[in-house]
Amino acid sequence: MFSYRHAFHAGNHADVLKHFIQVQLHKYMNQKDTAYTYIDTHAGAGVYALDSAQAVKSGEYVDGIARLWERDDLPPALAEYVDLVRSLNPSGKLRWYPGSPWVADAAARAQDRLRLFELHPADIRVLAENVRKLEAHHAEQGERARGRRILVDHADGFHGLKALLPPPSRRALVLVDPPYEVKLDYKYVRDALEEALKRFPAGMYAVWYPVLQRMESREFADRLKRLPAKEWLHVTLSVAGPRADGNGLHSSGMFILNPPYTLEPMLRETMPYLVQALGQDAGATFRIEKGTQLTGAVGARGAVGSSPRQPVGNARRASPLSGGGSLRLPGQAYGDGPRARSEADGEGEQGGRPSGPARAPRGQTGDRGPRTPRGGDAARGERAAAGPRDGMQGRPQARGARPDGPAGADGRPQSRTARSEGGAGTGGRTSSRGARTDAPGNEGRTSARGPRTDAAGTGGRPTSRGPRTDGAAPQRAPFKRNGSGRS
């Protein structure tokens with residue numbers, strides 16, 4: 001996709017954050033005499049006209065560089081950045097804004113090398129023409145470098161970065177600034193940095209990214225913190241609170257791997273002023289973090305040392321051991337063990353089930369209270385604690401038996417579904433399903449499935465399953481199978 005054009009956004013608050021930090025990184029690299037290589041994976045056009053149709057249509061520079069243009073109380077770091085922009089506008093009128101390649105050319109030295117990548121077919125032509133004019137200007141000023149100081153390559157910077165690392169001088173400053181117009185750009189940045197750190201761990205890598213509502217943007221910084229770098233520094237600038245519709249760029253961040261030790265003190269001195277100068281509402285703020293490589297689960301979010309994020313929204317508990325909700329985040333603990341139950345648990349619901357979120361796991365019912373009886377029957381699973389009843393020969397009460405029902409002939413209790421008027425001669429046995437039918441001659445046995453009925457002409461053989469009621473001897477009756485045979 002090539003729909004993104006930086007000309008619409010040149011000079012906005014995100015460019016101010018990115019480029020004033022870039023100036024400080026070059027300033028630190030210049031402290032050593034050894035030359036270094038500057039690599040820009042997404043260089044853009046190099047220079048942008050703020051009076052062009054694209055810049056005028058969006059007008060984003062008005063709330064960015066334009067707010068600093070006339071200020072005379074700038075902190076030193078911002079003053080150096082604004083002076084660099086002024087060098088591109090000798091008339092004093094804010095008309096041109098430098099991109100990252102022009103900032104690098106102005107802040108670097110003659111012995112340093114610039115390697116610029118751009119894949120957009122329109123921007124690469126503009127970039128090549130701007131670089132040609134820049135080199136011609138240096139030649140007119142008598143500044144000549146050994147070999148080609150600036151190289152422009154029409155290629156993907158993610159892949160071109162591999163071929164340039166490690167650099168000949170073993171010193172490099174890399175700026176990664178893709179348009180993030182597709183979600184995969186976040187993955188490409190991380191993968192490219194991981195490969196770059198394997199090839200050249202001592203390099204300084206600076207990443208700009210937009211702070212958006214999408215999940216990839218919110219997790220981006222946490223994933224970069226896990227790259228195998230010695231140290232990292234993370235700074236974000238928000239000029240306004242997020243909009244209700246989630247659109248618009250109100251915040252951006254810079255993530256630096258192997259940052260200079262002078263960068264954090266400078267940011268803590270400069271960022272409050274920048275928030276005051278560029279802030280648009282009460283949501284304007286900044287954030288600074290630093291640390292070393294994080295290890296462990298990828299799910300950790302927020303500032304260093306903060307607790308993992310908890311599920312939000314209508315998350316519901318899937319099981320007693322699933323932590324705070326069914327939307328358990330990666331790396332979130334499975335909970336602190338079985339949940340404690342209060343004495344009031346189990347009351348207020350049918351069947352004695354707990355009504356609160358402190359429901360105990362299955363199989364752990366030692367602290368459950370008795371269930372509420374239903375329909376006069378004892379609750380299922382209730383055990384007789386008072387010992388055997390009279391006439392039961394020491395046997396425990398049967399599951400689901402009615403404590404108030406009549407006993408059989410041998411004192412055994414009838415089942416829960418047995419009829420209370422069952423007569424003698426049953427042998428103390430109870431039916432498991434259906435009602436009992438008193439019939440002499442059947443030795444007091446009850447049917448296992450439903451009552452039986454007499455049918456004439458069957459020889460006493462029942463036509464349906466159930467107890468026999470006539471006491472006649474069983475006879476085999478013919479039956480039919482597929483229209484013939486016996487039934």
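Helix axes here are lines fitted to C-alpha atoms over the stretch in contact. The model shown in these views is predicted.

**View 1. Helix α4 crosses helix α10 in this predicted model.**
The axes of α4 (residues 76-87) and α10 (residues 263-278) come within 8 Å. They cross at roughly 70 degrees. Angles of 65 to 115 degrees count as roughly perpendicular, so α4 and α10 are roughly perpendicular to each other. On the α4 side, Pro76, Ala77 and Leu78 make the contact. On the α10 side, Met266, Glu269, Thr270, Tyr273 and Leu274 make the contact. By class, the residues of this contact are six nonpolar, one polar and one charged.

**View 2. The largest pocket holds about 1200 Å³ of space.**
Its lining has 49 residues. Closest to the pocket centre are Tyr4, Pro178, Pro179, Tyr180 and Glu181. Helices α1 (13-29) and α8 (184-199) and strand β7 (204-210) each supply at least two lining residues. Helix α1 gives the most, with five. The lining of the largest pocket splits into 19 nonpolar, 17 polar and 13 charged residues.

**View 3. The largest cavity holds about 70 Å³ of space.**
The whole structure has three cavities of 30 Å³ or more. The largest cavity is lined by 13 residues. Pro101, Trp102, Leu116, Val131 and Leu134 are the closest to its centre. Lining residues come, at least two from each, from α5 (100-107), β4 (113-117) and α6 (121-140). Helix α6 gives the most to this lining, with four residues. By class, the lining of the largest cavity has 10 nonpolar, two polar and one charged residues.

Key. Residues are numbered from 1 along each chain as its sequence is written. This is a predicted model: local features need pLDDT of at least 70, side-chain atom pairs count only at pLDDT 80 or more; totals for chains, interfaces and linings use all residues. Side-chain values use heavy atoms; hydrogens and water are left out. Axes are lines fitted to C-alpha atoms, for helices over the stretch in contact, and angles run from 0 to 180 degrees between N-to-C directions. Angles under 35 degrees count as roughly parallel, over 145 as roughly antiparallel, 65 to 115 as roughly perpendicular and the rest as oblique. Contact means heavy atoms within 4.5 Å. Ala, Val, Leu, Ile, Met, Phe, Trp, Tyr, Cys and Pro count as nonpolar, Asp, Glu, Lys and Arg as charged, and the others, Gly among them, as polar. On a 1 Å grid over the protein atoms alone, a cavity is a set of points where a 1.4 Å probe fits but cannot get out, and a pocket is an open set with protein on both sides within 12 Å along at least five of seven lines; lining residues have an atom within 4 Å of a point. Grid points are joined across faces, edges and corners, and a volume is the space filled by probe spheres set on the points.
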